[in-house]
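Hi everyone, thanks for making the time. Let's look at one structure together, and do keep it open on your screens while I talk.

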Amino acid sequence: EQLRRERPDPRAQLEAMRGFLERSGLQVEDLDGLNIIHVTGTKGKGSACAFTERILRGYGLKTGFYRWPLGVVPNAYPSRQDPAQASMPAYFRFLTIMAFHVFLQEKVDLAVLEVGIGGAYDCTNIIRTPVVCGVSSLGIDHTSILGDTVEKIAWQKGGIFKPGVPAFTVPQPERPLEVLRDRARELGCPLYVCPELDAFEAGSQALELGLAGGHQRSNAALALQLARTWLQRRGYEGKAGKGGGAEPSVPLAPVFRPSDAMIQGLRDTEWLGRTQVLPHGAVTWYIDGAHTTSSVQACVRWFRQAALSHDKPQDGSEVRVLLFNATGDRDTAALLKLLLVSFFFFFWGGACRGGLRVLAGG
């Protein structure tokens, strides 16, 4: 609701973020030394971040990964009589500031930063000098804030581009890719399209991913480019190989031989709540955070494959429970219809506070 109120002047969001940051005892300039990898997108940005962080941790680097609450900023917002000091930052702003404090306090070598909503006016975009930026797969989501077409959404996502800072995106439909290209040119940012993960497996063994699902392959390909570019720009590795071919007006990023640390990092990546299988007694839980049409479709494909490979009880019985959550302006009924093909029988559980829908089937 706060974001909607500020829509007439979205730049006010970043100005407010700057003010909250200063009240916590930090300046924007303090963030320049965090060596940030900044990642946005509609689907897969969290998984791409998880792959990237795990790869770079495998190089012996001390990494920070902004995804969940990280501790407490002591005395950042004391209770005062001064009305100018009385307000608290919105939840995501508070978490972002808290993450910056933890990363600086811990003296991390780098920070992987996932955008919250959009990009151009997201509170994480207060940073000035990321090392490299990434854009995962684009789609329709948060339309009341970002716009009702994928082109408008692409414009918002491209807002994280910075002058002279390389950026990578996965293959996108033509129109949104053109918007990203135009944004990159406008902001002076070199933009590249990631080759498919198959290109990194040519002539060698298939790369094993710690996150299940075919849709994770593009996220892994993006992570390889982000990690490789960070290592190059910080002097840890030599120049990458040559690219080949091109998407329309956007050059293809280089294909290179993944290092042992990269191969191990992709294999060891964990991202709780994303294509996670969790056995618990007689019930096996299949957990995922899908919340758009295309991501739910990908989730269904993953569930079918995972359920087939899971050992069933000897008597052939199986218990399936679906917990479904949808908030904001998402089309709940449309998302549920996609799940019907997963052999669930749904019993509507009614609406709970906060837009929660709980359904169970057998």
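Let me begin with a question: which element gives the largest share of the lining of the second largest pocket? The answer is H2, with four residues. Before going on, a word on the source: this is a predicted model, where local features need pLDDT of at least 70 and side-chain atom pairs count only at pLDDT 80 or more, while totals for chains, interfaces and linings use all residues. Residues are numbered from 1 along each chain as its sequence is written, and side-chain values use heavy atoms, with hydrogens and water left out.

Back to the pocket. It holds about 300 Å³ of space. Of its 17 lining residues, the closest to the centre are Leu-14, Ala-120, Asn-125, Ile-126 and Lys-162. Helix H2 (11-23) and helix H7 (174-187) are the elements that give two or more residues to this lining. A pocket here is an open set of points on a 1 Å grid over the protein atoms alone, where a 1.4 Å probe fits, with protein on both sides within 12 Å along at least five of seven lines; lining residues have an atom within 4 Å of a point. Volume is the space filled by probe spheres set on the points. Helices are DSSP runs (H or I, at least four residues), numbered from the N terminus.

Now, what does H2 pack against? The axes of H2 and helix H4 (residues 91-106) come within 11 Å and cross at roughly 45 degrees. Axes are lines fitted to C-alpha atoms over the stretch in contact, and angles run from 0 to 180 degrees between N-to-C directions. That makes H2 oblique to H4; angles under 35 degrees count as roughly parallel, over 145 as roughly antiparallel, 65 to 115 as roughly perpendicular and the rest as oblique. On the H2 side, the contact (heavy atoms within 4.5 Å) uses Gln-13, Ala-16, Met-17, Phe-20 and Leu-21, and on the H4 side Arg-93, Thr-96, Ile-97 and Phe-100.

Val-150, Glu-151, Ala-154 and Trp-155 of H6 meet Arg-175, Pro-176, Val-179, Leu-180 and Arg-183 of H7.

Last pair: helix H11 (residues 293-309) and helix H12 (residues 332-339) pack at about 20 degrees, axes 9 Å apart, so H11 is roughly parallel to H12.
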